[in-house]
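Hi,

Here is the structure I promised to send over. Have a look at it first, and then read on for my notes.

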Amino acid sequence: MDSAVLFDAGKKGRGLRATKELNTGDVIFAEPSFSAVVFDRHRSGSIVSEPYKSEELQNVGSPNGSNTAGMHQEDLPNVSQELSKTTEREELQDLISGHTNWFISIHIPLSSLAARVLWRMHKDTGIVSDSQLVSVDQLEDHVADMSQEELKKLQTDVHNFLEYWSYGRKQHSVDYISHIFGIIKCNGFTLSDQRGLQAVGVGLFPNLCLANHDCWPNCTVILNNGNQSALSSALHSQRRIELRALRKIAEGEELTVSYVDSLNLSADRQKKLKEHFYFECTCEHCSKHINDDLMAAAADSEGAKPSADTVKQVTAFSEECLQKIEKSRIEGNYHEVLKLCHECLEKQENVLADTHLCKLRVLSVVSEVLSYMKVFSEAADYARRMVEGYTKLYHPNNAQLGMAIMRAGVTHWHAGQIEAGHGLICKAYGILLVTHGPNHAITKDLETMRTQTEMELKMFKQDESVYMTMRDAALKKQ
Ligand SMILES: [Zn+2]
């Protein structure tokens with residue numbers, strides 16, 4: 001912890017600031033979880049008691065059977081066909097749901113994590129290493145800020161917990177357990193899989209909790225299990241987060257991360273932050289409503305702007321349609337998803353701009369589903385439009401942007417658009433070097449893909465017809 005120090009951030013309470021100048025991509029600190037639990041995805045919200053299941057670890061980087069896509073399969077013995085199928089579908093759903101919130105505050109198995117936190121505190125007290133800045137029980141709990149409804153729910157949770165916890169162990173007061181539950185609720189950090197696409201658990205990282213929120217942060221958090229194999233890292237290694245600098249940071253500058261997806265209007269972000277983290281966001285992007293205009297923009301086709309009323313109508317239609325899309329997606333009815341997406345895009349045409357959030361959400365779903373159904377050319381067109389929109393809205397080093405560009409690159413590659421594919425893969429690689437670092441499993445996947453597409457592009461430029469013949473032969477073999 002020699003790059004960051006605790007300081008009084010005024011109205012925001014405690015915060016972290018840089019003790020020296022930091023460069024883009026620097027790891028400010030790495031931290032193992034104080035406690036963590038892993039979800040069982042097949043019974044959502046409950047905990048796997050047996051070791052991590054291998055189907056969690058399927059590769060999702062490449063949606064079809066290219067060389068690269070298969071490379072992690074070898075690490076995965078005993079995955080039955082049935083399981084693979086289920087996983088594939090679930091992965092797709094996770095991919096489509098897209099915009100990840102790094103911090104979660106609902107649906108977490110509070111009592112399991114609370115039990116582990118308490119156990120850890122008995123064993124080691126609230127401080128586990130010299131570099132830990134505050135004891136776990138000194139973290140914010142926001143119990144005082146909770147609504148009547150939330151307090152009622154908390155009371156029930158605490159009551160249930162105490163009943164289960166009391167056997168042969170030290171008794172705790174209701175207030176103390178409420179405090180621990182509040183801490184987990186406000187500070188629990190979602191653990192995602194090696195590919196960073198699915199929430200697989202939740203952990204408590206005491207130093208990370210001290211970083212305040214900004215909707216346009218200068219840092220990003222990534223779970224990094226280093227270069228161990230996916231299987232062993234999930235089974236055995238400690239889950240470790242890294243706080244990484246998204247840009248150059250001056251000495252003394254506050255270090256911030258985003259608790260919510262920046263792809264929301266400022267009012268919606270503020271509402272979410274208020275509801276889940278109990279504060280009013282007054283960051284620059286919120287107070288100046290930066291990008292709100294783009295995220296709700298009307299199309300500008302040949303100078304003829306649609307009327308405000310039309311935009312309002314189509315936005316309302318899109319929101320309704322997105323709910324239906326979500327429902328069909330959960331049911332696994334992808335033909336219906338495609339039908340709805342096309343219908344929605346048709347309505348949006350010439351009315352909503354490509355940076356409008358409703359349009360981006362549809363583009364994201366339609367490109368993923370088409371890619372999953374191996375309709376790569378059409379998927380690539382939509383993915384490109386999505387990436388163009390994202391690029392105007394996201395910070396250039398945003399991790400979600402990097403992941404979206406990576407998926408668009410792979411889709412172009414599979415569509416035989418090797419030049420565009422390679423370009424996107426290189427671009428994604430550049431972002432992930434900052435957000436994930438060179439040793440992260442996804443960055444390594446990307447590096448392999450970059451080498452492969454570079455070679456293919458060379459072949460393509462030498463002799464297009466030879467390249468196409470080889471490509472066709474390779475695709476037939478699969
Ligand atoms: Zn904000």
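This is a predicted model: local features need pLDDT of at least 70, side-chain atom pairs count only at pLDDT 80 or more; totals for chains, interfaces and linings use all residues.

Let me start with one lysine: Lys-339 sits in helix α11, which covers residues 334-348.

The average pLDDT of the protein chain is 79, and 77% of the residues reach at least 70. Two stretches need some care. Over residues 41-108 the pLDDT stays under 50, and the model has 108 contacts beyond four places in sequence for them. Residues 227-237 also stay under 50, with 20 such contacts in the model.

Now the overall picture. The protein chain has 17 helices and ten strands. Of its 478 residues, 43% are buried. If you take the contacts with a separation of 6 or more, 71% of them join residues 24 or more positions apart.

On to the inside. The largest nonpolar core has 100 residues, and Ala-114, Val-117, Met-386, Ile-405 and Ala-428 have the most contacts inside it. Both domain 1 (4-55 + 94-261) and domain 2 (291-477) supply at least three residues to this core. There is also a second, separate core of seven residues, with Tyr-259, Cys-281, Cys-283 and Cys-286 among them.

Which residues does Val-117 touch, leaving out those up to four places away in sequence? The list is Phe-34, Ser-35, Val-136, Ile-180, Ile-184 and Leu-204.

Last, the start of the chain. Strand β1 (residues 4-8) pairs with strand β2 (residues 14-18) in the antiparallel sense, over five bridges. Within that pairing, Phe-7 stands opposite Gly-15 of β2. The two strands make a hairpin with five residues between them, and Gly-10 in the turn has a positive phi of about 65°. If you are looking at side chains there, remember that in a regular strand they alternate between the two faces of the sheet.

That's what I have so far.

Cheers

Notes. Residues are numbered from 1 along each chain as its sequence is written. A nonpolar core is a set of buried Ala, Val, Leu, Ile, Met, Phe, Trp, Tyr and Cys residues joined through C-beta atoms within 7 Å. A residue is buried if 20 or more other C-beta atoms lie within 10 Å of its own, exposed if 12 or fewer, and partly exposed in between; C-beta atoms are placed from the backbone. Domain bounds come from an automatic or database domain assignment. Two residues are in contact if their C-beta atoms, placed from the backbone, lie within 7 Å. Two strands pair if DSSP finds at least two bridges between them. Helices (H or I, at least four residues) and strands (E, at least two) are DSSP runs, numbered from the N terminus. pLDDT is the predictor's confidence in each residue, from 0 to 100.
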